[in-house]
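Here are my notebook entries from an afternoon with this structure. I went strand by strand, then across to the partner chain.

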Amino acid sequence: MVLITCLSNVAAQVGIGRIMGGSKFHYPVGQPELPPEEELRWRVGLLDKGLSALETPVQESTIF
Amino acid sequence: MVKVLHYLNQFFAGIGGEDKAGQEVLFMPRAVGAGAMIQEALKAHGVEYATVVCGDNYFHEQEDKALQAIRAAVDQFEPDFFLAGPAFNAGRYGLACAKLCSWVRENRRIPVITAMHEDNPGTKEIGRHVFVVQTGASAAAMQECLRLFSLVIERLLAKDESAIEDFRLEYCLPIARRFTARSDAPDYVRAVDLLLAKLDGQSFESEIPYIEAQQHPIPNLSGALKNATLALVTEGGLVPKGNPDRLESSRGSRYFKYPIEGRADLRRGDYEAMHTGYDTSTVNQDPDRIVPLDAMRVLEKAERFKKLHDYYFVTTGTGAMPSKMEEIGAGIAEELATSGINAVILTAT
C-alpha cells in the first residue's frame, strides 16, 4: 500500500510503510489552479511516483 | 442502611464447577462466598446484603430468561449498590458481569461495580459509568479486589468526588469512556496554560490520553507491478451523489465500495464528499482530486500495472474511534485480499 496524504509525519508516527506527500490537505491528488489537462498530467506523474513506491521494498516507514 | 446486591456465578457462589454451569438464576437474601467479607467491611453502615447467582452457561444460553430473572431480583430488592464478580479472566463470567452492570446502571442509575482482568472479553461490553476494578488473571487476587469493592462503596457513600475520581484512576481499568468532571479552571485557561508550558519548555500533560498506534508488518509487493491488480481506497468520504448508503460525515462506522468499471474518471456532479474534517468543495468540483481514477486509467492503459479493481472503497476518517477504524481497515483489507488485489493506493485528507 502507498498512502497519499499531506500529514506525512502523522502517517510515519503510526507506522505506515509507504507514504507520499499529497498536494493539499483537502485535495491530496488535486491541483485546481492548473488547467484540467495539466492537472491530469500532474496527477498521472504523482500516481506514477506512487507506483514506483509500491515497487520499492521497505522495512520501515518511508516517505517517498 | 445500605442495600448491596451482589451477582456471582455458580462457582463463586459455592454451588459447583463446570458441572453446575447450567444453574438457573437464584436469589439469596444474604451474603454468599466473597460477599461476606464486603458485608463485614461495611457493617458500620448497617448493610443489608443479598446475592443473585446464575450459572455461566445458563446466562449465555438462556440470556433473555436470565436477564429477566436478575432484573426481577433488582426490582424486588431495590439495592443502593450493584456488584458483580470479580470475574478475573473468566470470559463467560466477565461478559455476564459486564452486561448486567451496564443494564443496571442504565436503567436503575445506582452505582455499579465489577472487576476483571484487562484481557477479559467482558471489558468490550462495559457500558457507561460502570466501575471496573482491574484484577489479576486468577482468583489469587480475590482479597485485594474485595477490599477495593468495599473501598469504593465507602467513597461513594461519603460522596467524595475527588476520592472517587482517584479511585477510578488508581484502581479501575482505563476503558475509554467520557465522564463529566469538575476542573479548577475553564478549558480556554487550561489550553493556554498548556501552550505556555510547552513554549517555556516546561513539562505538561495532555488532557486527552494518547492512543498508541498498533504496529503492523509492512507488506512488500510479491511479483512485478505490471502483473498486479490495484485498488483505490480513500478515507475522504467520496460517495455517489445523494449518499445512497448514508455514509456518516463524521465518526464513521462503516465503509462502502462503489463501482468504477468502465469509467474513465469520476465526473463532477456524480459524486460528493461526506466528510466534516475538510473543506470538500474542491473535491466536489472534481472527484478525481480525492479518488484519482483518471490518472490510474492513464497508467493502466500504459501497462504500468495490469488492472484497476472494479470498485473503489471509501469510509470517513474523521472524529472516529481508532478501534472502529481498525475494524473498518480490517474489513476492507479482507475484501481486497479475497478479490485478488495485490496492492492499494490510499488517499487521505
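**Entry 1: ground rules.** I call two strands paired if DSSP finds at least two bridges between them. Helices (H or I, at least four residues) and strands (E, at least two) are DSSP runs, numbered from the N terminus. I am looking at a predicted model, where local features need pLDDT of at least 70, side-chain atom pairs count only at pLDDT 80 or more, and totals for chains, interfaces and linings use all residues. Residues are numbered from 1 along each chain as its sequence is written, while chains are lettered from A and ligands numbered from 1 in the order in which they are written.

Entry 2: I looked up what B:Thr234 faces, and found B:Val314 as its bridge partner in E11(B) and B:Thr347 opposite in E12(B). I then took B:Thr229, whose bridge partner in E11(B) is B:Lys307. E7(B) and strand E11 (residues 307-314) of chain B run parallel and are joined by 5 bridges. Strand E12 (residues 343-347) of chain B also runs parallel to E7(B), with 5 bridges between them.

Is E7(B) mostly covered or mostly open? I count a residue as buried if 20 or more other C-beta atoms lie within 10 Å of its own, exposed if 12 or fewer, and partly exposed in between, with C-beta atoms placed from the backbone. On that scale 5 of the 6 residues of E7(B) (residues 229-234) are buried, which leaves the strand mostly covered. For the chain as a whole, I noted that 37% of the 349 residues of chain B count as buried.

Entry 3: I checked the join between the chains: E1(A) and E12(B) pair in the parallel sense over 3 bridges. There, A:Val2 has B:Ile345 in E12(B) as its bridge partner.

Entry 4: I found B:Gly223 in the loop between helix H7 (187-199) and E7 of chain B. B:Gly223 is exposed because it has 8 other C-beta atoms within 10 Å. Its C-alpha atom is separated by 9.0 Å from that of B:Asn342, 119 residues apart along the chain.

**Entry 5: where the chains touch.** I call two residues in contact if their C-beta atoms, placed from the backbone, lie within 7 Å. The contact takes 27 residues from chain A and 31 residues from chain B. H2(A) gives the most to the side of chain A that touches chain B, with 9 residues. I sorted the residues of that side into 17 nonpolar, 7 polar and 3 charged. Here Ala, Val, Leu, Ile, Met, Phe, Trp, Tyr, Cys and Pro count as nonpolar, Asp, Glu, Lys and Arg as charged, and the others, Gly among them, as polar.

**Entry 6: one helix pair across the contact.** I next looked at H2(A) and helix H9 (residues 293-301) of chain B, whose axes come within 9 Å and cross at roughly 65°. Axes are lines fitted to C-alpha atoms, for helices over the stretch in contact, and angles run from 0 to 180 degrees between N-to-C directions. H2(A) and H9(B) are therefore roughly perpendicular to each other, a term I use for 65 to 115 degrees. Among the residues that meet are A:Leu40, A:Val44 and A:Leu47 in H2(A), and B:Met296 and B:Leu299 in H9(B). The residues of this helix contact divide into 8 nonpolar, no polar and 3 charged.

**Entry 7: the other sheet of chain B.** I traced 6 strands of chain B in the order E2-E3-E1-E4-E5-E6, an open sheet with mixed pairing. Strand E2 (26-28) and strand E6 (130-134) are the edge strands, each pairing on one side only. Neighbouring strands of this sheet are turned by 20° against each other on average, direction ignored. Strand E1 (residues 2-9) and strand E4 (residues 81-84) of chain B pair in the parallel sense over 4 bridges, and B:His6 has B:Leu83 as its bridge partner in E4(B).

Key:
Angles under 35 degrees count as roughly parallel, over 145 as roughly antiparallel, 65 to 115 as roughly perpendicular and the rest as oblique.
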